[in-house]
Amino acid sequence: MPVMGRQDLTAAAARAPLVRGLDTDAWELPGAEMLQLVYEIDGPAGEQSIPPALHPSIPPYATLTIARYPESPLGPFRLAYVRVVARVGGRPRGYLVGGFVDSRDIGTELAARWGYRLEVGDVDLQVLTHRITGEVRQGGETVLRLELGNPETISGADVSFLDGLHLVRLSEDGRESSLLVQVDPEYTFHHAQRGRPHVDSFRGEAFDPDGCLRLTDPVSGSFARVDTDLPRIRFVIDPTIPGGRSRRRLAA
């Protein structure tokens, strides 16, 4: 039988953002800098951190991203998030388990428009010639620190940023329901590098409240400067129906 996610949806939905609707305007985000590390995770987390609509990847792995956005409709911001990679049918997607943002106002908008489940923290990204580092601190404690060592220039075609899936709460006609919304930015690459990935610090429970997310082995690391966006929501999925059979395209 196919293996499906086993996340406790009652608990996950209780902490999921309440979105204003599914017809949000897009944000243009030029000149973004994105550091992404890919790590394998232990087997149980691959199932316990994703909802029943999704298949876990084999082997299970996660992406850890720290990004700096110098321009947005509400000003600059920095964002860090962790996603567990899963499949909707045969399509790989990154299921958001949690993240941090350095602006409470922007975090509120990201949650209400695209369902980002974020806490406020200090997010930093340092780009040097011999290494690139990113760090997230909350209450004076480091909850995530990433490093890309010995970066070398590559083609942007060799960098992969997966589309995201965010669990949200939606209120319609006085009734609240849970949905997965697909967030699928586009990227125009201006510069890309790969290097040796290393996680100096990772407090999994700060991102995954179920406390089951544990990193094991590094897979890859990359850095890119891109023009990107946060697009209009095009697809939604019922998180309870296995295999992504409920995937529904919204009107353009």
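This is a predicted model: local features need pLDDT of at least 70, side-chain atom pairs count only at pLDDT 80 or more; totals for chains, interfaces and linings use all residues.
Residues are numbered from 1 along each chain as its sequence is written, and side-chain values use heavy atoms, with hydrogens and water left out.

**Aromatic rings.** A search of the whole structure gives eight aromatic pairs. Rings of Phe, Tyr and Trp (its six-membered ring) pair if their centres lie within 6.5 Å; planes under 30 degrees apart count as stacked, over 60 as edge-to-face and the rest as tilted. Y69 and F77 have ring centres 4.7 Å apart and planes at 20°, so they are stacked. The rings of F161 and F189 are also stacked, because their planes are at 10°, with the centres 6.1 Å apart. F161 lies in the loop between strand 10 and strand 11 (164–172) and F189 in strand 13 (residues 188–202), so this pair ties together parts 28 residues apart in sequence. Helices (H or I, at least four residues) and strands (E, at least two) are DSSP runs, numbered from the N terminus. F161 is buried at 11% relative accessible area, whereas F189 is partly exposed at 27%. One aromatic cluster is formed by F100, F202 and F207.

The charged end of R247 sits over the ring of F235, 3.8 Å from its centre; the criterion is NZ of Lys or CZ of Arg within 6 Å of the ring centre and within 35 degrees of the ring normal.

**Salt bridges.** The whole structure has 16 salt bridges, each being a side-chain nitrogen of Lys or Arg within 4 Å of a carboxyl oxygen of Asp or Glu. Three of them are listed here.

| Salt bridge | N to O distance |
|---|---|
| R20 and E109 | 2.6 Å |
| E141 and R203 | 3.1 Å |
| E152 and R194 | 3.0 Å |

E152 is in strand 10 and R194 in strand 13, so their pair ties together parts 42 residues apart in sequence. E152 is partly exposed at 41% relative accessibility, and R194 is partly exposed at 43%. Salt bridges with shared partners join R20, E109 and R113 into one network. For the remaining pair in the table, E141 is partly exposed at 39% and R203 is partly exposed at 22%.

T142 is in strand 10 (residues 141–153). Its side chain makes a polar contact of 2.7 Å with the side chain of E135, and a polar contact of 2.7 Å joins the side chains of T142 and R137. A polar contact is a pair of N or O atoms within 3.5 Å; within protein, one must be able to donate a hydrogen and the other to accept it, and residues adjacent in sequence count only if both atoms are side-chain atoms. Leaving aside neighbours within four places in sequence, T142 is in contact (heavy atoms within 4.5 Å) with E135, V136, R137 and S201.

Q7 is found in the segment before helix 1 (9–15) and is buried, with a relative accessible area of 9%. The side chains of Q7 and Y95 are joined by a polar contact of 2.8 Å. Not counting residues up to four places away in sequence, Q7 touches residues including A12, E47, Y95 and D210.

Technical notes: Buried means under 20% relative accessible area, exposed over 50%, partly exposed in between (1.4 Å probe, protein chains only).
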